[in-house]
Amino acid sequence: MNLGLFLVLLLAAWNNRVSCKTTTRHIATENYAAKRPVVIDTDIGSDYDDGVAVAFAISESASAYLDVKLIVTCTDDTTARAKITAKLLTLFGRDDIPIGIGVPNSNKTNHPLFDWAKDFNLSSYKGGVYVDGVEKMAEVILSSESMVDIIAIGPMTNFPLLLSKYPAVVKNARVRAMAGSVYKGYDNSSTPSAEYNVRLCPNCMSELLHAGWNVTITPLDTCGVVTFTPPLMEELLTSANAISLGIANSLIYFCISNPYIDCKFKVTTGTPVLYDTVATLLTLPNAKNFVIFKDLKLTISEEGYTIINNKTGVPTQVALYWQNTNDGLNKFRTYLTESLSGG
């Protein structure tokens, strides 16, 4: 698929946006009592896979099991990230979901999607925006009558404050994180990498692991190879529902504004990697249909490497391999596409 055809598909899909906004919201609120409450912690805006992971969590197939109670932003200008979150949720037809502004660690705003949402008025966002996102996260967890899943798809910079101020959260929450690199590194290298979400704050990740709650991670070994093939991307972009159109709208800007990303989507490479979508998968009851879990004892080095240490490591469940090698990966790609397109 060349860039011209890709943009034509995106724009054609976006031009059909009006016809499909209401159905997604209705579907996402069915079977409320049967759902697991979810908080998403994200550095949305630096890449486009965070938005796709959020979309997956509120899709028709996932929302039969998940009830997203709150989305909290992390790292850099977390208010700017909240604007991106609010704009995406509005496009998805889910502006009922509250947003929390997490702990900022800089005023950095030179990320691809920051300009896309810079003019969004947070005061007009219907779901409500909480200035102290960590406090709101604790409130959601501690007030929940059932165990909460935290989908962590950014560096773990909100967790030290959460754990120090509200240590009881570990008794009523589980963490499902995109984090680490065990045997495989970036670009499916056989050499492990200091994965970004861990490397940005190794102490944050280490503190999260040692807190005593149930933690499952998808390292680069599994999440680092997830892409949409051009045919699947075409299927998604021509499905014309609120989720696919919201993804298309943000992706147009992401591709045009980011000189480092190849949006030609070559047959051999597919799209940029959709790391964070696998963290959403980990919250679903059918995750074992796609990935193989292994119990490993992990430590985090000062450089941000994820190291197996059977003596001092923290027991952690790791989605380490795809079922039947590429078969599980290909099935997940199809499942993800169908979930987002409403198929």
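Asp-327 is partly exposed, at 32% relative accessible area. Here buried means under 20% relative accessible area, exposed means over 50%, and partly exposed lies in between (1.4 Å probe, protein chains only). This is a predicted model: local features need pLDDT of at least 70, side-chain atom pairs count only at pLDDT 80 or more, and totals for chains, interfaces and linings use all residues. Residues are numbered from 1 along each chain as its sequence is written, and side-chain values use heavy atoms, with hydrogens and water left out.

Stay with Asp-327. Its salt-bridge partner is Lys-331, with the closest N and O atoms 3.3 Å apart. A salt bridge is a side-chain nitrogen of Lys or Arg within 4 Å of a carboxyl oxygen of Asp or Glu. Side chains of opposite charge can pair when their charged atoms come close. Asp-327 and Lys-331 are four residues apart in helix α13 (residues 326-341), so about one helical turn separates them. Helices (H or I, at least four residues) and strands (E, at least two) are DSSP runs, numbered from the N terminus. Lys-331 is also partly exposed, with a relative accessible area of 45%.

A second pair sits in helix α5 (residues 133-143). There Glu-139 and Lys-136 meet in a salt bridge of 2.9 Å, N to O. The two are three residues apart, so the separation is about one helical turn. Glu-139 is partly exposed at 44% relative accessible area. Lys-136 counts as buried, at 12%.

Arg-174 forms a salt bridge with Asp-149, and their closest N and O atoms are 2.7 Å apart. Asp-149 counts as buried, at 0% relative accessibility. The count of salt bridges comes to seven.

Now the fold as a whole. The protein chain has 13 helices and ten strands. Of its 343 residues, 59% count as buried.

Helix α10 (residues 230-237) shows burial on one side. Its buried residues include Pro-230, Leu-232, Met-233, Leu-236 and Leu-237. Seen down the axis of α10, the buried residues fall within an arc of 160 degrees, so they line one face of the helix. The arc is that of the directions from the helix axis to the C-beta atoms.

The protein chain exposes about 14,000 Å², and carbon and sulfur atoms supply 51% of it. Accessible areas come from the Shrake-Rupley method with a 1.4 Å probe; for residues, only the protein chains shown count as cover. Ile-308, in strand β9 (residues 306-308), is partly exposed at 32% relative accessible area.

Last comes confidence. pLDDT is the predictor's confidence in each residue, from 0 to 100. The protein chain averages 88, and 86% of the residues score at least 70. Over residues 1-5 the pLDDT is below 50, and this stretch has nine contacts beyond near neighbours in sequence. Over residues 12-33 pLDDT stays under 50, with 33 contacts beyond four places in sequence. Where pLDDT is low, the predicted coordinates should not be read in detail.

Technical notes:
Contact means heavy atoms within 4.5 Å.
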